[in-house]
Amino acid sequence: MFRELLSTPDGGTISVDWYDPVQLGSSLPLSFSTPIALFIPGLTGTSDAEYLRLLVPIAHSIGYRVVVVNYRGLGDTPLTSQRLYCAANHEDLEQALKHIRQLNPSVRLVAAALSMGGTVLAGYLVKAGSSSLVDAAFLISVCWDFNKGAKQLRTGLLNPIVNRLLTKLLVNAALKHRAVFSNSPHNFDFDSFHSFTSLRQFDHAFTIRIFGYPSTDVYYEAASYSDRISSVKVPTFCLNAADDMLAPEEDLPLKQLASSDNVAMLMTARGGHIGFMESGGLSIGKPTYYLERLFEQYMRALFEMKESPRSLVATE
């Protein structure tokens, strides 16, 4: 793996990790004309995330060069500013894309993003429109309405447990860098973070203050893209499960998608959040995942297209 550290305009640092095909057991002759598969991890994911260990080798086997964008402060990326990351902000992703495009101006670039990474990518695609530096996208287990997603995490027996686990991940990420925020004007009470049991609590105490949102509801609205799907102007494929605890069927933007020419969604009956297991559990042998098969088919189809994926975009 080859890592690049990129500086942001506010003094922050993000990292992009390029994967070495030799380390992955590939002998494919890759060059700077080879298409690029760019990955954006989930909530506190990094280039070493388990789901990327499944998908990265698939992209390499097709022939892509693979790069993963890491959030500030994660994956041994140094935190050099008093800001981490959030679902409604895609400035760091745009910075990474500009850097990659500067080095590869005419190469086909397909972005695949999971969970919160998918939200960040969706925000970029909505804002960029036809000027997107991404030629096509694959969004996996995206929460399309954060206010509804936060409410879902408070229901039932399992969801609050997941809520606490996700919150703990964010709390740990913030506490790891509490020294950086020691002179922050926000005067964070980091000791109180240990008592948080929901994402909403964390976002109220930390995220909205870092990014200047007046309330958690306003932040969640800014990170929700159900009603802005029509602004996406590159071919985009979405995979969601009807039983996703963050984005169940009733909260998916099915009506908006039905009128979109550039965005399509495949909704499975089962799959949970970034699950999509076809076999495993109590069965013998290595688990198989529907996500892997679908990802391989979609990415291969885009790789083998003679024309740019942008040729699939509906003309206005």
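This is a predicted model: local features need pLDDT of at least 70, side-chain atom pairs count only at pLDDT 80 or more; totals for chains, interfaces and linings use all residues.

Student: What is the volume of the largest cavity?

Tutor: About 120 Å³.

Student: And which residues lie nearest its centre?

Tutor: Tyr-71, Asn-89, Asp-92, Leu-93 and Val-120. The lining of the largest cavity has 15 residues.

Student: How many cavities of 30 Å³ or more does a search of the whole structure find?

Tutor: Three.

Student: OK, pockets now. What volume does the largest pocket have?

Tutor: About 690 Å³. Its lining is made up of 36 residues. Nearest the centre of the pocket are Leu-43, Ser-115, Met-116, Leu-166 and Leu-246.

Student: Which helices each supply at least two residues of that lining?

Tutor: Helices H3 (116-128), H4 (146-152), H5 (159-176), H6 (199-211) and H7 (216-222).

Student: Which gives the most?

Tutor: H6, with seven residues.

Student: Switching topic: Asp-17. Where is it?

Tutor: In strand S2, which covers residues 13-18.

Student: Buried or exposed?

Tutor: Buried. The cut-off is under 20% relative accessible area, and Asp-17 has 0%, so it counts as buried.

Student: Which residues does Asp-17 touch, not counting those up to four places away in sequence?

Tutor: Met-1, Phe-2 and Arg-3, then Ser-47, then Val-66, Val-67, Val-68 and Asn-70. With Arg-3 there is also a side-chain polar contact, at 2.7 Å.

Student: And Leu-5, what separates its C-alpha from that of Asp-17?

Tutor: A distance of 8.9 Å. Along the chain, the two residues are twelve apart.

Student: Last one, helix H9. How many residues does it have, and what does it reach from first C-alpha to last?

Tutor: H9 runs over residues 290-304, which is 15 residues. It reaches 21 Å, close to the 21 Å expected at 1.5 Å a residue.

Student: Which residues in H9 are buried?

Tutor: Leu-291, Glu-292, Leu-294, Phe-295, Tyr-298, Met-299 and Leu-302.

Student: How do those buried residues fall, seen down the axis of H9?

Tutor: Within an arc of 165 degrees, so they line one face of the helix.

How values were computed:
Residues are numbered from 1 along each chain as its sequence is written. Side-chain values use heavy atoms; hydrogens and water are left out. Helices (H or I, at least four residues) and strands (E, at least two) are DSSP runs, numbered from the N terminus. Buried means under 20% relative accessible area, exposed over 50%, partly exposed in between (1.4 Å probe, protein chains only). Contact means heavy atoms within 4.5 Å. A polar contact is a pair of N or O atoms within 3.5 Å; within protein, one must be able to donate a hydrogen and the other to accept it, and residues adjacent in sequence count only if both atoms are side-chain atoms. The expected span of a helix is 1.5 Å times one less than its number of residues. The arc is that of the directions from the helix axis to the C-beta atoms. On a 1 Å grid over the protein atoms alone, a cavity is a set of points where a 1.4 Å probe fits but cannot get out, and a pocket is an open set with protein on both sides within 12 Å along at least five of seven lines; lining residues have an atom within 4 Å of a point. Grid points are joined across faces, edges and corners, and a volume is the space filled by probe spheres set on the points.
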